[in-house]
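Me: I'd like a close look at one part of this model. Please pick a helix and take me through it step by step.

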Amino acid sequence: MEDIFNQMPYVQYIRPAIYFLLSLLLALIFKGILLGRLKILSKKSRWQWDDVVIKGLGRGVIYIFLIGGAYLAINELPADPEVKHLAVGGLFVVLALVTAMIISGITEGFIGLYSKKTQGGLPAGSIFNVLAKILIFTLALLVVLQTYGISVTPVLATLGVGGLAVALALQDTLSNLFAGIQLIASKKFRPGDYIEMEGVNSGFVEDISWRNTTIKTPANNLIIIPNSRISSAIVTNYSKPKEELSVPVVGGVAYGSDLEKVEKVIAETAKKLMADSEKGVNDYEPLVRFNEFGASGINFTVGLRAREYTDQFALKHEFIKALHKRFKEEGMEFPYPQMDVHMDK
């Protein structure tokens with residue numbers, strides 16, 4: 001009876017199907033229950049690296065279970081040994097790619113955490129992520145080749161010779177790549193900094209990729225600059241060494257004014273504005289300096305301090321309004337352009 005049962009055409013496929021379904025069930029249990037439990041525990045801990053590892057495992061661990069189930073199922077199938085060998089080899093290739101994907105995701109998360117820890121010292125979005133992915137998937141490819149009996153040494157030698165030709169053909173691309181690495185290593189600027197390139201292009205650094213540096217202007221436009229060009233240009237970083245920025249405001253007062261009173265009124269107005277404004281550094285002591293006998297009056301400069309580069313415009317706007325109102329209350333006059341003409345009799 002047992003022999004008759006085993007000779008039925010569909011019976012020989014039951015055990016492989018059971019193996020595969022069990023692997024699927026284990027994958028769902030691991031991802032839905034165990035991995036979910038680990039996520040809850042990781043959120044309670046102060047250590048952030050475990051979150052990255054769990055997130056990386058969640059991206060591909062289900063495929064590893066399915067590959068294991070498929071491997072067991074293939075060994076139980078009544079197929080030609082050569083066919084089985086090819087199928088197992090294909091599974092190994094898929095396993096290598098999935099493993100590379102998991103490691104790549106974990107590495108990307110580690111780079112992002114390190115970037116936050118160093119306050120943007122390592123841009124999380126670009127060069128190092130790309131280089132890490134290339135390295136990981138290249139190693140996975142070499143492992144697959146070695147497993148199939150293909151010697152890696154001739155392949156590396158061929159890549160070395162071909163690499164010279166590729167390097168000559170992609171000279172500009174490689175120049176931008178190494179320039180981008182140099183920009184990150186030198187820490188001249190980082191994403192979020194406000195920079196100005198040779199007095200022409202200015203804005204917030206959005207990203208430093210393997211080829212370009214992207215800058216977002218105050219007008220909400222993007223400027224894309226090749227890394228090789230920006231690395232050799234004169235760049236002003238308004239976010240270093242501090243984001244705070246001096247804001248000079250130039251004005252003038254009539255020649256007949258009491259300069260002591262003028263200085264006092266300007267200082268009081270500026271100090272009050274600095275204390276109340278969200279754009280200014282609240283504990284900063286403004287400076288008032290008379291600096292020139294102008295054609296129509298005595299010119300002065302008031303030194304304010306903004307929290308960051310874009311805050312200076314709103315701060316200057318509010319100060320001019322407040323000073324104009326205070327001068328009007330005190331009966332002081334801003335000088336109008338005028339010229340004295342003396343007639344000779």
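Reply: Let's take helix 9, residues 259-276, in this predicted model. Start with its length. The helix has 18 residues, and at 1.5 Å a residue they should span 26 Å.

Now look at the start of the helix. Here Asp-258 comes in with its side chain. One of that side chain's oxygens lies within 3.2 Å of the backbone nitrogen of Glu-260.

Next, ask which residues are hidden. Buried here means under 20% relative accessible area. Val-262, Val-265, Ile-266, Thr-269, Ala-270, Leu-273 and Met-274 are buried in helix 9. Look down the helix axis, and these buried residues fall within an arc of 160°, so they line one face of helix 9. The spacing has a simple background. An α-helix has 3.6 residues a turn, so residues three or four places apart point the same way.

Turn to the other side of helix 9. There, Glu-260, Lys-264, Lys-272 and Asp-276 are exposed. Exposed means over 50% relative accessible area.

What covers the buried residues?

Terms used
Residues numbered from 1 in each chain as written. Predicted model: local features only at pLDDT ≥ 70, side-chain atom pairs only at ≥ 80, totals over all residues. Heavy atoms only, no water. Helix = DSSP H or I, 4+ residues; strand = E, 2+ residues; numbered from the N terminus. Expected span 1.5 Å × (residues − 1). Buried < 20%, exposed > 50% of the residue type's maximum accessible area, 1.4 Å probe, protein only. Arc of directions from axis to C-beta. Polar contact = N/O pair within 3.5 Å; in protein donor to acceptor, adjacent residues only side chain to side chain.
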